[in-house]
Amino acid sequence: MRLWLRVICNTTRDMTPSLVLMFENTVMLIINLCDGFQRQASVAKLKFIHCNELFFTEANVDAANGLIGFYCSAINAGKFASGFKCNIYGPKGIKRFSENVSFNDHMLMVWTFKEFECSNIECTANKAVKMIPILLKAEGRNDAVSYIIDPVAFPPKFKGKEAKQMGLSVAQIKELIAGKNVTLNETTITPESMFNTSIKPTGALVLCVPHFDYIPSLFTNKELLSKHSDIGLVYHIAPYEVLSNTDYIDFVGKIAYKAMHVMDCKELNDDTAPRYYSQIELKALHQCNSRLFPDFPLKPLHIKDEKKREILVDEYKKRGVGVMFSELGRDYDFWPKFDVSKQSCLPGFHQPLVEEEKAVKAVSGTINSSEKLKAIHKLCETVVATRKFHNEPFIAVLGTAAQNPLKYRCVSSIYMNIPGSLEGKVPRSNTKEYFSNSFGIILDAGEGSYGQIVDHFSDMEIVDCIIENLQCIFISHHHTDHMLGIAKLIKESDLVIIKKYGKEIAKTKPLYVIIPDNMKIMMVDLLEMGAILLSERLRVIISESISADTGAYYVKANKNPIPQKEFSKEEAEKMVEELYKSDNAKIKEMWDYFGKMMCIKRFHTYQTNHCSGSHGVFIEGKDWKIAYTGDTFPCLTVQNFTRNVDLLIHECTFSDDMKRMDDDIRHTSLAQCIGIYDKISPWRMLLTHFSNKTKKIVNVSDEHLKRNIIISFDHLQFHLSDAEWASQLHPLLEALISNDG
Ligand SMILES: [Zn+2]
Ligand SMILES: [Zn+2]
């Protein structure tokens, strides 16, 4: 028997602690689900068959934003096809937080919630452990819950085989089991000697102290003070100010002096790249073309702040307390006891540098293997675009997967950057100076979008500039692969702005969020709950209100949409002109703002043939037009309102060899994209949102290449003018990347 905590996510650049309790190699329960958990769990090959209980330390984005991602993973694993029963425990507010992201009709219907109003209510996960909540309060802050994981002691076992060998009779054995002494060959045999001693159970404490203000509540917690003696492992989730506070060290040293203390804290953790495997892949892609794929500075793991670690270890040591630091993918055993030698780390979570060298070498080998590939490589590295654009957009594809995030691909998200009114202020480059003088728009924000921005730009100073200058998040529709990451993005953006300008000025910096009508309740709920820090800066615009065509084609789109109308170019243009005569003050304010800041002339939506409320977006700059569809079946409304755009970003869920179910009619296939291209005649077309059956690359036909249709990859980046030649790289990528393995 063995119980241990496995660290699936810890405090890294973009994630927050999420732990699973493992019992005999199965996931028994989960403590916290952060944004990005789903992807990490799939890399760790976690199965949730026996896991029906979720515990949260806080009711906020950091602790619980990955809840629905977990739900999707579990549902996709097939076990819970009908009615996924789950118990959710946490502080006050966890029910509302969980439910507000659960607007997909069937979700959470059979879930039960327990919000703790005091400590020490034993809630049992199952037979092997008891969970004891420790409620911490702080003035003006939401409650936080820590958990004592208390393993149930297994009863001592009678040594039956030994008894037989000794020659004890059945009657004597019965006496011994009943607790009486027996005599054999004039020797007294005690019951104690005939039982395997029950191993004294040691438990664990997951101690969540989000802020200094919670400390008084911690020091006076009677339950913790009375239950501490059997704790063998303390997992601290707390900021450095708390962990290094001498009173705190004295306190935890006293209550769990025999325990090993594991610290999970931003300043102390290794600066690990949580998705290093996709970065190794990218190292190869960068080698293949340095303009379309960014270079990742893959570094060996390093400790963020060695000095702080040393000080902390010393302080705890003085009190005879052992300290370790949280590591991604690490197992921390605590039952029967904490055991350093048993600690292991999940494969796939740590960064072997040799793989990087191997990947880079393989690329040069492939490029040099044929004259044709060598020529493609050279051409794409040196080609100069003939078309020039003003206020030229830079596009970084953050995620290309449909449905669920995969090992190598994140779900839908695109980052678009434009210099806008600051054009020419600093030279265009991938530097901090440039990104602090330009603006950003996110097109869809599936779970983990923030993490993808972190990976793409690597340098946290640049990431902060990008997040600070984000002006708009457009969500095409309410499906989880397009919107789960929105709360995390807004939260990070608020944090950066508050840190830089202070709360009062931060409130005056608007962030536009464009969502379909059916996401409105969720957004209002997030605001009311305080999950979004600065409600004042959030401007929510409903997609339906900026749609050029108000025809109710897809009200109940799942089945039998009302047939769309086809409009001529002139008719469609007239409708768009009418839309811009709108006297809605909120919408006019947005258009004015986009015009002033980003030099955007037009920004409106059009319905798509996918689900209730699904919309695509049209953005017009000084001398370019870009349209993004979100999910859709080949659609007349898309055709009406995106004719002759410079870049059409279209979904492409299915490869041509994939079988389509009846249910799949709401998406587009690779072959259908050719027809769409021919009807809409964009200057260039970019395909994204590929089925989960595609591990890494979609292989296209000559017909696609003839039309310069570009296949996107996670982290593909280009300036609009580079779209001129980007598709020409594809044969080289096909030679290089395989979906095997
Ligand atoms: Zn989708
Ligand atoms: Zn969808």
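This is a predicted model: local features need pLDDT of at least 70, side-chain atom pairs count only at pLDDT 80 or more; totals for chains, interfaces and linings use all residues.

Student: Which domains does the chain have?
Tutor: The bounds come from a domain assignment. Domain 1 takes in 3-155 + 198-269 + 304-338. The others are domain 2 (160-194) and domain 3 (360-384 + 391-736).

Student: What separates the centres of domain 1 and domain 2?
Tutor: The centres are taken over C-alpha atoms. For domain 1 and domain 2 the separation is 45 Å.

Student: Which residues form the positive surface patch?
Tutor: Lys counts as positive. The patch is built from lysines, and its members are K45, K47, K407 and K695.

Student: Where is K47, and is K47 buried or exposed?
Tutor: K47 sits in the loop between helix 1 (37-43) and strand 4 (53-55). Its relative accessible area is 57%. Exposed means over 50%, so K47 is exposed.

Student: What is phi of K45, and how accessible is K45?
Tutor: K45 lies in the loop between helix 1 and strand 4. Its phi is positive, near 55°, in a residue other than glycine. K45 counts as exposed, because its relative accessibility is 67%.

Student: Where does H689 lie, and is H689 buried or exposed?
Tutor: H689 belongs to the loop between strand 29 (684-688) and helix 26 (702-706). Its phi is positive, about 60°, although H689 is not a glycine. Relative accessibility is 2%. Buried means under 20%, so H689 counts as buried.

Student: How many salt bridges does the structure hold?
Tutor: A pair counts when a side-chain nitrogen of Lys or Arg is within 4 Å of a carboxyl oxygen of Asp or Glu. The structure holds 35 salt bridges.

Student: Which residue does K491 pair with in a salt bridge, and where are the two?
Tutor: The closest N and O atoms of the pair are 2.7 Å apart. K491 is in helix 19 (residues 486-501), and its partner is in helix 2. The pair links distant parts of the chain, 429 residues apart. The partner of K491 is D62.

Student: Why are K488 and E492 about one helical turn apart?
Tutor: Their side chains meet in a salt bridge, 3.1 Å from N to O. K488 is buried, and so is E492. Both lie in helix 19, and because they are 4 residues apart, the separation is about one helical turn.

Student: Which residues are linked in a network of salt bridges?
Tutor: K491 forms a salt bridge with D62. K488 and E492 form one as well. The network links D62, K488, K491 and E492.

Student: For the E703 and R707 salt bridge, what is the N to O distance, and how accessible is each residue?
Tutor: E703 is partly exposed, because its relative accessibility is 32%. R707 is at 15%, so R707 counts as buried. Their side chains meet with an N to O distance of 2.8 Å.

Student: What separates the C-alpha atoms of N60 and I94?
Tutor: N60 lies in the loop between strand 4 and helix 2 (61-64). At a relative accessible area of 21%, N60 is partly exposed. N60 and I94 are 34 residues apart along the chain. Their C-alpha atoms are separated by 7.8 Å.

Student: What separates the C-alpha atoms of N699 and A259?
Tutor: N699 is in the loop between strand 29 and helix 26. N699 counts as partly exposed, because its relative accessibility is 46%. N699 and A259 are 440 residues apart along the chain. The C-alpha separation is 54 Å.

Student: What separates the C-alpha atoms of H477 and P191?
Tutor: H477 is found in the loop between strand 22 (470-474) and helix 18 (480-483). Its relative accessible area is 0%, so H477 is buried. H477 and P191 are 286 residues apart along the chain. Their C-alpha atoms are separated by 68 Å.

Key
Residues are numbered from 1 along each chain as its sequence is written. Chains are lettered from A and ligands numbered from 1 in the order in which they are written. Side-chain values use heavy atoms; hydrogens and water are left out. Patches are made of residues with over 30% relative accessible area and no salt bridge: like charges are joined within 9 Å, nonpolar side chains (Val, Leu, Ile, Met, Phe, Trp, Tyr) within 5 Å. Accessible areas come from the Shrake-Rupley method with a 1.4 Å probe; for residues, only the protein chains shown count as cover. The place of a charge is taken as NZ of Lys, CZ of Arg, CG of Asp or CD of Glu. Buried means under 20% relative accessible area, exposed over 50%, partly exposed in between (1.4 Å probe, protein chains only). Domain bounds come from an automatic or database domain assignment.
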